[in-house]
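Please keep the structure open while reading.

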Amino acid sequence: MELRKHPFMSFRGRPNWPPRWVWLGGKANERPTGEVGVLKEVSRYSLLSSDGLTLVIEHNGSAYMGLLLFDNFPFSRHIHELLRGLKDHSIVEIGSLDINYPT
């Protein structure tokens, strides 16, 4: 199943992919939406009762950050490990990856 369609790619019943992108700096804030850019960094993020990841992408000479929150903690860890090996891959490519994780 594609990462973008996996039922565990969600938080509180809502899909979390693709994340909303927040401008970090660069040429200009184009306010991109959707599966844009190239993955540059991924890190774990924990806040209260949620578990998540922060993604940093590069898009048209600017850097943007997105937050993925998850209800399923083990799945979050699985995605973190997967994304760590996918730096410099496009977000579109990552979204289309076949995820073999039991639902």
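The model is predicted. The protein chain contains 2 helices and 6 strands, and their order along the sequence is β-β-β-β-β-β-α-α. Its radius of gyration is 13 Å, close to the 13 Å that the globule rule gives for 103 residues, so the chain is as compact as a globular protein of that length.

**Overall dimensions and packing**

- Along its principal axes, the C-alpha trace of the protein chain spans about 40 × 30 × 20 Å.
- Of the 103 residues in the protein chain, 39% are buried.
- Among contacts in the protein chain with a separation of 6 or more, 61% are between residues 24 or more positions apart.

**Nonpolar core**

- The largest nonpolar core consists of 20 residues, and M9, W17, L55, I79, L83 and I94 have the most contacts inside it.
- At least two residues of this core come from each of β4 (38-47), β5 (50-59), β6 (62-70), α1 (73-84) and α2 (91-95).
- Leaving aside residues up to four places away in sequence, L55 touches W17, P19, W21, L39, E41, V42, Y64, M65, G66, L68 and L83.
- In soluble globular proteins, nonpolar side chains tend to be buried together.

**Helix α1**

- The buried residues of α1 are F75, S76, I79, H80 and L83.
- Viewed down the axis of α1, these buried residues fall within an arc of 145 degrees, so they line one face of the helix.
- The N-terminal end of α1 is capped by N72, which has a side-chain oxygen 2.8 Å from the backbone nitrogen of F75.

**Backbone features in loops**

- W17 and P18 are joined by a cis peptide bond, with omega about -10 degrees.
- P18 is in the loop between β2 (14-15) and β3 (22-26).
- N60 is not a glycine, yet its phi is positive, at about 50 degrees.
- N60 sits in the loop between β5 and β6, and it counts as partly exposed because its relative accessibility is 48%.
- D88 also is not a glycine and has a positive phi, of about 75 degrees.
- The loop between α1 and α2 holds D88, which is exposed, with a relative accessible area of 54%.

Notes
Residues are numbered from 1 along each chain as its sequence is written. This is a predicted model: local features need pLDDT of at least 70, side-chain atom pairs count only at pLDDT 80 or more; totals for chains, interfaces and linings use all residues. Side-chain values use heavy atoms; hydrogens and water are left out. A nonpolar core is a set of buried Ala, Val, Leu, Ile, Met, Phe, Trp, Tyr and Cys residues joined through side-chain atoms within 4.5 Å. Buried means under 20% relative accessible area, exposed over 50%, partly exposed in between (1.4 Å probe, protein chains only). Helices (H or I, at least four residues) and strands (E, at least two) are DSSP runs, numbered from the N terminus. Contact means heavy atoms within 4.5 Å. The arc is that of the directions from the helix axis to the C-beta atoms. A polar contact is a pair of N or O atoms within 3.5 Å; within protein, one must be able to donate a hydrogen and the other to accept it, and residues adjacent in sequence count only if both atoms are side-chain atoms. The radius of gyration is taken over C-alpha atoms; the globule rule is 2.2 Å times the number of residues to the power 0.38.
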